[in-house]
Every structure is written in C-alpha cells, then in structure tokens.
Amino acid sequence: MGNREMEELIPLVNRLQDAFSALGQSCLLELPQIAVVGGQSAGKSSVLENFVGRDFLPRGSGIVTRRPLVLQLVTSKAEYSLLHCSFRRLNDFPAVTLEALIKGLVGLAQSSASVPEFNHVSPPHMLNLTLIDLPGITKVPVGDQPPDIEYQIREMIMQFITRENCLILAVTPANTDLANSDALKLAKEVDPQGLRTIGVITKLDLMDEGTDARDVLENKLLPLRRGYVGVVNRSQKDIDGKKDIKAAMLAERKFFLSHPAYRHIADRMGTPHLQKVLNQQLTNHIRDTLPNFRNKLQGQLLSIEHEVEAYKNFKPEDPTRKTKALLQMVQQFAVDFEKRIEGSGDQVDTLELSGGAKINRIFHERFPFEIVKMEFNEKELRREISYAIKNIHGIRQSRLFTPDMAFEAIVKKQIVKLKGPSLKSVDLVIQELINTVKKCTKKLANFPRLCEETERIVANHIREREGKTKDQVLLLIDIQVSYINTNHEDFIGFANAQQRSSQVHKKTTIGNQGTNLPPSRQIVIRKGWLTISNIGIMKGGSKGYWFVLTAESLSWYKDDEEKEKKYMLPLDNLKVRDVEKSFMSSKHIFALFNTEQRNVYKDYRFLELACDSQEDVDSWKASLLRAGVYPDKSLV
C-alpha cells in the first residue's frame, strides 16, 4: 500500500507463515478485509464480478452463494488467473467457474456451509482488495432447505462482520425501501457507530418511473458515516446476450451522466469509484488497526517459534524418533517438576505461591498456626490434672509433691493432639505436589494421552507415598509419647520455671526509643506493608505503614526505607484476634490487644491492622505466632 509500516510488517508475516509451515499447520491471520452483505438477489455477486472484470461467479435463482467466498484481488499485469484453495490455477474463466467447485464441496442440496472458500484472483490493472461474498439473507425456507435456514445464514454472516478488522459492504437494491434493508440492519447491530459500514445501492435502473434514490445517495435519508455509492449491474438479458463487463461499465457511466437526478454526483457513483473508495477505506482501516495487529502478530510469532524450537532436533527418517521424543519429554517433565519444588524454575509465578514456596509456607506458617488453633479448655485441663493426681495417690492423701505419673498422663494426652495438625499438613503438601504435577504436564498438552498417563502415574506414586509418610509422622509422635526427656534444656522444670519468673520481674518496660536486646533477640521475623484501620478512622482515613516484626517488638515506619520510625510496640502480654469484616471495606483485618486490659497504643485498647487478602492475614498471624503472640478465640 505504499506504507512503510506495512512494508516492515511483510517480513514478520512471512516468518510466521514459515513457522506454521514447519509445524505442518496453516497460518490463518485475521487480516483486514471487506465483507459483502445483503439480501438474496440483491446483486452482491454482480458487484464482485464488476470488480474483477470477468464472469466467474455462479448465477441463478434462490440461494446461489452457499458458502463464504473469500476473494483476494492482487494487482497484476498478466492475464486473468484464479488460484483456488486446492492450488489449481484456473486461466479459462468462461469455461471453468466457481459453481462446480462450490457444489462439489457443499453438495447439490439447497443448504449452506460456513467453511469459507479461499480464492486468489489476479485480474489485470486491479486495485489490491480482499472481499468476502456471503450468502444472501433469506426469510422463508424453500424446497429441501432446513427450517432454520434464516438462523444458519445469519450466524454465518455474523462470524465475519463481528470482527473489528472487517469493513462491511451493505448492499441494498434501490427498488426496495431502505428502512427494510436486512444488510443495514445487521451492520447496525455490530457497528452502531457506522465506523465500518459502506452502503451500496444497486438496481438503480430498475426503479419505477418518476422515482429515484437521490436522497439516499446524497446520504440524507438514512445517513452513514462513510456514505453510499450507487452502481448499475448487468441485467439477466445483458448476461444472456453475452454483454461483457467493460461494456456494462461504459453503460453504467452513461446512465449516471444522463440521468437528471444523478448527473451532479456522477463522479461519485459507479463501480470504478466504489473500487477506489473501498481501497482507500481499507488502507485507512489497516493503518488504524496496524499497531494492535503488529503486537498480536509478534506474540503469535514468538509462541510458534518457541514451539518450533522444541522440534528442531526431530528427524522424521529416524526409526527411533518416537522413543527419543518420549524420553526427552519425560526427562523435561522431571526437570520442570524439580525446578518448581527447588525454586529455580524458568517460569516464575508472580500471582500466587506455588510449588516449593507453598510447601515451605505450610511447614513454617500453616503447621504452627494449626497447632495453636487446637481447641484448649483450661478448666477441663485443670479438672483432668486434679483427677489424675487423685487417682495416682489412690487411698493416700499425700499432697506434698505432684506425681510424675500424673504429669506424664496429662502431657501424653496433649502430645497425641498433634496428630490432627500433622496429618492435615501432610494432606496440604500432597495436594500441592499434585497441583505441581498438573502444571508441569501442561507442556505435554500436544500429546493428550501421554499427558494423562504421566499425570496418573506420578499422582498414584505420590498417593502411595502419602500412606507411608503419614505412618512415619504418627510413629514420630508415638516416639515422643513413649518417653519424655525431663533433662532436656528446653524442658521447663521447677528450677527453669523459677529462673524465668525472676527474669520477668527484672525486665524493664521497653520504651519507644529503642532497646538494648542481644542480637539473637533482634532478628527480624517479617517485614511488610499494613494499614492501621481504627486509628485512621479517627483521623479521617486509614493509612499504610511499613511494619517490622522481631522476637520482642513490632515497629512501624513511614516507608520501607526505615528511616523515620513512628512507634515500637513491645510484644509482652499481647494476643491477636480476628476482626469482623465491614461491608464498607474490602480489606481483611486482625487486631492486637493486651491481655491485662491495658491500652496497646496511646489511648487505643485495640490496634487493628488491615491486609489486602485473607492469605496475608493468616501469614502475619503465623509470623506473630513465631514471635510469641498467640491468637485469641474471640471476635472483635
């Protein structure tokens, strides 16, 4: 089209076609084109023949065009030629027409087919155009036509004209009321602004004497943004009399020049002017859609070249090619699975945690949180301890010391409760492993059976190991139950309890100016953005801060540079509690409070912190748990 951008696009299209050819597939690009729409016997095919300049389309009564016919008109100085979709070049137009080709593909019944017929036409001295001749719109089924013939044809037309890159050539006979035009009605549905619609008025020479279509052609009666163009096609008498198209176009020109209603707009009427209008409109339309088309084309090219890369070492003549291909795909699946678990995959998921990262969260956040969530009734536990001590003493009334057997009985009962959270964690890990397998098998989508079998075999293997893993977990818990090591340094006996109590009394209240804690107590557990919601409400709006959680305190700063500290909250006697979500807020909230009924921050009894998702709330609660801030069962 003489456009530099189009010239740059041609090599890209050629590369894409080569890539498709390497895979043995056809390249179907949605290039801008023109669809010819109109009622039955409105003269659509005659308009196309006038474009080409030769008779080659089937004619007759009823439905003649029974399937979409794609005509690619390319400028050529040679004689006429037509390249059919079967790649047979037809040079003898009078002898060979498309009627036989179309009937051979569709059948002799009066039905229609939606599969398009592609034809590459090279008429001499013709402008570059791509047109689609669609079946005419009909209302009543005739003969052996199906009852839903109107619906079938409508759906077939809609497949083409709903595309944003398709210009609509709405053909309407001049001897019918324009308000009843089926073509304009369909065009209005898919193009209400009229940006893609061009009106064509045919059969101007068949109007009743004393009437004309001047108001329509002057775009006054039913205005279109791109206007109307009037044409005069050959009549059936002219066709039977072998009147060629060149003579018909001269007669058309004479008609417009001699008619008193059209002679002032004769330069804007006729087939030659319609050709120029269509070519210009198509050029402008392509120029408008070119950036999006280029981006789509480049994305499609990268995708298909990546697929071709997978077959670069494929040799069809090698008898062992199937075995090699199978081994290569299975090995690639194993590598992808390992990378997703180890965290070094080439495709990083930025939307959610998956694979090894999610399993790590299950172990370090979800499992401790599930343990804390276990139901614990302090009154019931005290009652059990009392009964255990009394039952062990039996008839004796000694109250000097707590018997070890009572202690072991109560502790063992609590240790057994770890089985529930432990087995639940195993189930969560198993589910994530199976999800990872499904993601890795997506690369085998071109081989559905291999994909299905690989997923089934690996999933079954994981399920088999699930039982053994649960047995091992239960065995570890039973080992802990069988012997309680009271000499371990972490065991809180009488001496350690007394020492911890003295440390608590000696500890001074941590101020807001800093702390002299040893480095081991200043280890950062978590950092991230949180919104203080209840304080923001008092001041006219919530505000986000950068929070830093350590084993001893929760500090927040103005931003993530951590230069301007707003406050440092000690974690002593703090607990975390769920907050009921407000219908006016999209955020998820949890609250910190002091178990001794003291204010947490300034004059506020609760410090409500908000996150964007429930997953973030659970993650922060798990981090607080690691810092010794336990959840409370009640709801704010």
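Is Gln-597 buried or exposed? Gln-597 is exposed, with a relative accessible area of 55%, where buried means under 20% relative accessible area, exposed over 50% and partly exposed in between, computed with a 1.4 Å probe and protein chains only.

## Basis of the model

This is a predicted model, in which local features need pLDDT of at least 70 and side-chain atom pairs count only at pLDDT 80 or more, while totals for chains, interfaces and linings use all residues. Residues are numbered from 1 along each chain as its sequence is written, and side-chain values use heavy atoms, with hydrogens and water left out.

## Positive phi in loops

Most residues other than glycine have a negative phi. Gln-597, in the loop between strand 15 (588–594) and strand 16 (606–611), has instead a positive phi near 65 degrees; helices (H or I, at least four residues) and strands (E, at least two) are DSSP runs, numbered from the N terminus.

Lys-203, which is not a glycine, likewise has a positive phi, of about 60 degrees, and lies in the loop between strand 8 (197–202) and helix 6 (214–217). Lys-203 is partly exposed, with a relative accessible area of 23%.

## Helix 2 and its end

Helix 2 (residues 44–52) is mostly covered, since nine of its nine residues are buried, among them Lys-44, Glu-49 and Phe-51. Gly-53, with a positive phi near 95 degrees, follows helix 2.

Gly-343 sits in the loop between helix 10 (321–342) and helix 11 and is exposed, with a relative accessible area of 63%. Although Gly-343 and Gly-356 are 13 residues apart along the chain, a distance of 6.1 Å separates their C-alpha atoms.

The axes of helix 11 (residues 356–372) and helix 14 (residues 419–440) come within 10 Å and cross at roughly 155 degrees; axes are lines fitted to C-alpha atoms, for helices over the stretch in contact, with angles from 0 to 180 degrees between N-to-C directions. The two helices, helix 11 and helix 14, are therefore roughly antiparallel to each other, a term for angles over 145 degrees.

## A nonpolar patch

Leu-475, found in helix 15 (residues 448–482), is partly exposed, with a relative accessible area of 44%. Together with Leu-476 and Ile-479, Leu-475 makes a nonpolar surface patch of about 270 Å², a patch being made of residues with over 30% relative accessible area and no salt bridge, with nonpolar side chains (Val, Leu, Ile, Met, Phe, Trp, Tyr) joined within 5 Å and like charges within 9 Å. A salt bridge is a side-chain nitrogen of Lys or Arg within 4 Å of a carboxyl oxygen of Asp or Glu, and accessible areas come from the Shrake-Rupley method with a 1.4 Å probe, only the protein chains shown counting as cover for residues.

Definitions and conventions:
Parallel < 35°, antiparallel > 145°, perpendicular 65-115°, else oblique.
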